Amino acid sequence: MIRVSISSKNNQVIQQLFEKFFQKEQLEYQIVSYSKNTHQDIYIFEIHQREDLKLIEEQPHFDYALYYVIGPKDYDLISECMRLKVNLYFSKESLTEDFKKYEVTMLHDIQDKFQYYQYQRNGIVSQIRLSHIYYVESLRHSIIIHSINGTMVERKNLKAFLDTIQSSQFIQIHKSFIVNKQWIQNIFSDHVLLKNAETLQIGRAYKSHIQLL
């Protein structure tokens, strides 16, 4: 289920565009009006002038969410939205055309952000979004999944995990660590610093991988 919130006076038109897209791609979704105190997967803001950016500035920015803005063809506004880490900017004057142009990008981002991983523990099958995983650690014949929800242990090796998820968002930096690239804060010569303040060592054999980021 992809949770979407819309902040717009033109809510119905925008909602219909996104509904058609989700239905075409056979994605399960729920669209609600924007509320600052709720956590959503996709935030859509319609803006008219610079003062409207305040709403985006006040909205907490989550790495696992997507932020779309619909506004006028104003390069200063577009530049400010990019500074605020908006993922896509749609021009109101050519909304339908921009929407079609960005459909492939939106689908790719949604698949990357909202893909689920199923794991088994004590015979019970559960699932977690890949975007919620900080990193995966190898320990003997098991893996430890470190995520925003805590840690989970599964009897599997790192190669099997990578083969299962088939995601470009994860990179192996050590024989014992696979990291979600979106949670990397800084890369140093021998370790990476994650956004949750943890540090992980970079193995010699994997330095060439990490240098490509």
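The model is predicted.

**A three-stranded sheet**

Three strands line up as β13-β14-β15 and form an open, antiparallel sheet. β13 (184–187) and β15 (199–201) are the edge strands. Each has a single partner strand, so one side of each is left without a neighbour in the sheet. From one strand to the next, the twist averages 25 degrees.

Strands of a sheet pair through backbone hydrogen bonds, in parallel or antiparallel fashion. Here β13 pairs with β14 (residues 191–194) in the antiparallel sense, over three bridges. A hairpin of three residues joins β13 to β14. Asn186 stands opposite Leu193 in β14. Ile187 stands opposite Val192 in β14.

**Aromatic pairs**

The whole structure holds 18 aromatic pairs. A pair of aromatic rings is described by the distance of the centres and the angle of the planes. Two of the pairs are set out below.

| Pair | Centre to centre | Angle between planes | Geometry |
|---|---|---|---|
| Phe21 and Phe99 | 6.0 Å | 80 degrees | edge-to-face |
| Tyr68 and Phe90 | 5.8 Å | 80 degrees | edge-to-face |

Phe21 and Phe99 link distant parts of the chain. Phe21 lies in helix α1 (residues 11–24) and Phe99 in helix α4 (residues 95–114), 78 residues apart. Phe21 is buried, at 1% relative accessible area. Phe99 is buried too, at 3% relative accessibility.

The pair of Tyr68 and Phe90 also links distant parts of the chain. Tyr68 sits in strand β4 (residues 66–71) and Phe90 in strand β5 (residues 88–91), 22 residues apart. Tyr68 has 0% relative accessibility and counts as buried. Phe90 is buried, with a relative accessible area of 1%.

**Leu17, a residue of helix α1**

Leu17 is found in helix α1. Is Leu17 buried or exposed? The cut-off for buried is under 20% relative accessible area. Leu17 has 19% relative accessibility, so Leu17 counts as buried.

Leu17 and Leu95 are 78 residues apart in sequence, yet their C-alpha atoms are 9.4 Å apart in space. Beyond its neighbours within four places in sequence, Leu17 is in contact with Leu95 and Phe99.

**The nonpolar cores**

In soluble globular proteins, nonpolar side chains tend to be buried together. The largest nonpolar core here has 29 residues. Which of them touch the most other members? They are Ile47, Ile56, Val69, Ile173, Leu194 and Leu200. Eight elements each supply at least two residues of this core: β3 (42–46), α2 (53–58), β4, α3 (75–83), β8 (133–139), β11 (170–174), β12 (177–180) and β14.

A second, separate core has 23 residues. Among them are Ile14, Leu17, Leu107 and Ile110.

Residues up to four places away in sequence are not counted here. Leu194 touches Tyr134, Tyr135, Val179, Trp183, Ile184, Gln185 and Leu200.

An α-helix has 3.6 residues a turn, so residues three or four places apart point the same way. Both helices below can be read with that in mind.

In α3, the buried residues are Leu77, Glu80 and Cys81. Seen down the axis of α3, they fall within an arc of 100 degrees, so they line one face of the helix. Tyr75 and Asp76, on the other side of α3, are exposed. The cover over the buried residues of α3 includes α2, β4 and β5.

Helix α5 (residues 158–165) has Leu158, Phe161 and Ile165 buried. Down the axis of α5, its buried residues fall within an arc of 60 degrees, so these too line one face of their helix. What covers the buried residues of α5? The cover includes β6 (116–121), β8, β9 (142–147), β11 and β12.

Terms used: Residues are numbered from 1 along each chain as its sequence is written. This is a predicted model: local features need pLDDT of at least 70, side-chain atom pairs count only at pLDDT 80 or more; totals for chains, interfaces and linings use all residues. Side-chain values use heavy atoms; hydrogens and water are left out. Two strands pair if DSSP finds at least two bridges between them. Helices (H or I, at least four residues) and strands (E, at least two) are DSSP runs, numbered from the N terminus. Axes are lines fitted to C-alpha atoms, for helices over the stretch in contact, and angles run from 0 to 180 degrees between N-to-C directions. Rings of Phe, Tyr and Trp (its six-membered ring) pair if their centres lie within 6.5 Å; planes under 30 degrees apart count as stacked, over 60 as edge-to-face and the rest as tilted. Buried means under 20% relative accessible area, exposed over 50%, partly exposed in between (1.4 Å probe, protein chains only). A nonpolar core is a set of buried Ala, Val, Leu, Ile, Met, Phe, Trp, Tyr and Cys residues joined through side-chain atoms within 4.5 Å. Contact means heavy atoms within 4.5 Å. The arc is that of the directions from the helix axis to the C-beta atoms.
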